[in-house]
Amino acid sequence: MTDDAEAEILSTPHTEPATIEVAAESSQRQRFPNSALTATVAASVVVVDQLTKRWALSELADRGPIHVIWTLQWNLTRNSGMAFSRAQGIGPFIGIAALLVIVWLAWTSRMLTSRVTSVAAGLVAGGALGNLVDRVFRGDKILHGSVVDFIDFQWFPIFNVADMAIDIGGAMFVVWTLFAARRARPA
């Protein structure tokens with residue numbers, strides 16, 4: 001073997017191109033965890049939530065419930081309390097709690113490594129932010145606004161898209177935690 005050929009072999013990396021791409025992607029994930037996914041999901045939830053609430057306010061105001069299918073109906077209500085219309089009038093405290101949850105999820109989303117938990121965090125944060133927007137902008141004073149609810153099954157409290165996102169995100173966290181604990185257990 002000539003010296004030139006030996007130098008070329010020694011200078012050529014022995015790593016496959018696919019391995020290099022995987023290593024680069026893994027490095028990229030470590031530098032930029034799924035926080036962008038969390039933010040995108042959260043922003044999407046807020047947009048859909050606010051658009052549906054705007055629709056509900058324009059189409060359902062001054063009308064009775066509108067039957068959709070089975071027990072589902074559109075029924076416009078406002079909630080100045082917490083979930084299931086409990087504790088009416090404590091909106092400012094709930095707004096502050098929602099803001100703390102949003103900040104905490106934004107902070108911790110930088111450390112999430114699973115796409116499932118990133119989506120779950122985005123759903124919860126987006127839902128909390130969607131309802132917080134109502135509390136901030138749909139009242140006479142800051143944080144004294146009422147949340148717009150309009151999805152009514154008649155056998156369950158009336159809710160909105162933000163509430164659905166919070167519930168689905170919370171359920172995703174629980175299921176992921178249960179399966180993660182099962183995977184971590186030795187066989």
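**View 1. Helix 5 has a span that fits its residue count.** With 23 residues (115–137) at 1.5 Å a residue, helix 5 should span 33 Å, and its end C-alpha atoms, 32 Å apart, agree with that. The expected span is 1.5 Å times one less than the number of residues; helices (H or I, at least four residues) and strands (E, at least two) are DSSP runs, numbered from the N terminus. At the start of helix 5, a side-chain oxygen of S114 comes to within 3.1 Å of the backbone nitrogen of V116.

**A note on the model.** This is a predicted model, in which local features need pLDDT of at least 70 and side-chain atom pairs count only at pLDDT 80 or more, while totals for chains, interfaces and linings use all residues. Residues are numbered from 1 along each chain as its sequence is written, and side-chain values use heavy atoms, leaving out hydrogens and water.

**View 2. Three strands make an open antiparallel sheet in the order 1-2-3.** Strand 1 (66–69) and strand 3 (147–152) stand at the edges with a single partner strand each, so one side of each has no neighbour in the sheet. Neighbouring strands here are turned by 35° against each other on average, direction ignored. Strands count as paired if DSSP finds at least two bridges between them.

**View 3. Strand 2 meets a partner in strand 1 and another in strand 3.** Three antiparallel bridges link strand 1 to strand 2 (residues 72–79), and H67 has Q73 in strand 2 as its bridge partner. In this hairpin two residues lie between the strands, and W70 takes a positive phi near 50°. Strand 2 and strand 3 pair over five bridges, with N79 opposite V147 in strand 3.

**View 4. The largest pocket holds about 490 Å³ of space.** Its lining has 24 residues, and M82, A83, N131, D163 and I166 lie nearest the centre. Helix 4 (91–108), helix 5, strand 3 and helix 6 (161–184) each supply at least two lining residues. A pocket is an open set of points on a 1 Å grid over the protein atoms alone, where a 1.4 Å probe fits, with protein on both sides within 12 Å along at least five of seven lines; lining residues have an atom within 4 Å of a point.

Methods: A polar contact is a pair of N or O atoms within 3.5 Å; within protein, one must be able to donate a hydrogen and the other to accept it, and residues adjacent in sequence count only if both atoms are side-chain atoms. Axes are lines fitted to C-alpha atoms, for helices over the stretch in contact, and angles run from 0 to 180 degrees between N-to-C directions. Grid points are joined across faces, edges and corners, and a volume is the space filled by probe spheres set on the points.
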